[in-house]
Amino acid sequence: MEHKSSMANGGKPIRCRAAVCQKAGEALVMEEILVAPPMAYEVRIRIICTSLCHTDVKYWKMKDPPGIVPRILGHEAVGEVESVGDQVSEVKQGDIVIPTFLAECGECRDCTSNKSNICSEHPYKLSQGMPRCGTSRFTDLSGEVLHHFMFVSSFSEYTVVDVTHLIKLDPILISPDKACLLGCGVSTGVGAAWRTANLEKGSTVAIFGLGTVGLAVAQGARICGAERIIGIDINPDKLTMAKKCGVTEFVNSRSIGDKSVSQVIIEMTDGGADYCFECVGLSSLIKEAFACCRKGRGKTILFGVEDSVSVLGLKSIDVISQGKTVIGCIYGGLKPKSDIPTLIQWYLDKKLQLDLFISHEVGFEEINKAFNLLSEGQCLRCVIWMTK
């Protein structure tokens, strides 16, 4: 399909293709849609490539709120600025950008603090529209509203993103397929070790779950100088990749007999790991991660739970009497605009190996293949190219 430039468009809607979630858990439908021009503080971008995250799959399957249809999913991407709205000076037409689900205004109390990465002016929420007004920039050709996802909605050839959610990128330094991974999963894992845990050199780390986030935690822990990085998973086939990412020891949780994982880790570490990362989102594993966290100083970092009503199931007396810390982690504690350039520099310095995470690549028309691969556990990240 031919796409007009922003100058030719003159602030008009763009007609393009999008992979729309029409029914929960069913194959995305390739449709022609209209993408409205950007309003004040907004930027319309042409998606170059996007990757699929487990969060996309989670909300694709969700039948009840905050799941909603019709919706355009996707939140790990790289794009080119097509046009900008009023009050936008940070980027211009032609710039290459990474959109992120987390904002950084750079001016509020939290953005100017080193203690938080959640912008108080534009806090993260499961919105169905744009962050400032809640309205959508997507409609189908019949005029029906298509809902946004995580302020990005990258499963469309064009999307509209608030400027506080955009990071300008030098395309000479890093290719789009590597850069798009920094929109969520890899940044979350690396940042969790670096920013959230703030782990120090010589630390002992236990990582529950060696998917993309867990492997990224391992890379972050290695970069920060951890001495022992113990990976826990049910799949021994992940060992080779885990070692490439920095894992020094591997525990197959299905091959430990009558012992619990926490017992094994406590024995291996003579009392528990300094930092435990639960990367699966299961309350049962949260208990195990907390149990094998070292008494008196250990930190357990959590990335998610099964659903919005799940409880942690930790006894308050254990949390208090054992002197442990439980920390929730969103986007790895990273401030997107401030910290992503550091991750890119680590990539350039060959400290952070982004290429290890790309296991598959498909064209936009094959996006449902990417969903199948990730749902069946056959890939880490599948990069989806819009024009390949």
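Across the interface of domain 1 and domain 2, five residue pairs are in polar contact, both residues being at pLDDT 80 or more. A polar contact is a pair of N or O atoms within 3.5 Å; within protein, one must be able to donate a hydrogen and the other to accept it, and residues adjacent in sequence count only if both atoms are side-chain atoms. On the side of domain 1 that touches domain 2, ten residues are nonpolar, three are polar and two are charged. Here Ala, Val, Leu, Ile, Met, Phe, Trp, Tyr, Cys and Pro count as nonpolar, Asp, Glu, Lys and Arg as charged, and the others, Gly among them, as polar.

The model is predicted: local features need pLDDT of at least 70, side-chain atom pairs count only at pLDDT 80 or more, and totals for chains, interfaces and linings use all residues. Residues are numbered from 1 along each chain as its sequence is written, and side-chain values use heavy atoms, with hydrogens and water left out.

Domain 1 covers 14–183 + 354–385, and domain 2 covers 186–333. These bounds come from an automatic or database domain assignment. The C-alpha centres of the two domains lie 29 Å apart. In contact (heavy atoms within 4.5 Å) are 15 residues of domain 1 and 15 residues of domain 2. The size of an interface is often given as the accessible area lost when the parts come together. Between domain 1 and domain 2 the buried area is about 1,300 Å², and carbon and sulfur atoms give 68% of this area. Buried area is the accessible area (1.4 Å probe) that two parts lose on being put together, summed over both.

Salt bridges between domain 1 and domain 2 number zero. Arg17 lies in strand S1 (residues 14–20) and Glu157 in the loop between strand S7 (145–146) and strand S8 (158–162), so the pair ties together parts that are 140 residues apart in sequence. Helices (H or I, at least four residues) and strands (E, at least two) are DSSP runs, numbered from the N terminus.

Backbone geometry was also examined. The peptide bond from Pro65 to Pro66 is cis, with omega near 10°. Pro66 lies in the loop between helix H2 (54–61) and strand S4 (76–84). Val69 and Pro70 are also joined by a cis peptide bond, with omega about -5°. Pro70 is in the loop between H2 and S4.

Notes. Salt bridge = Lys/Arg side-chain N within 4 Å of Asp/Glu carboxyl O.
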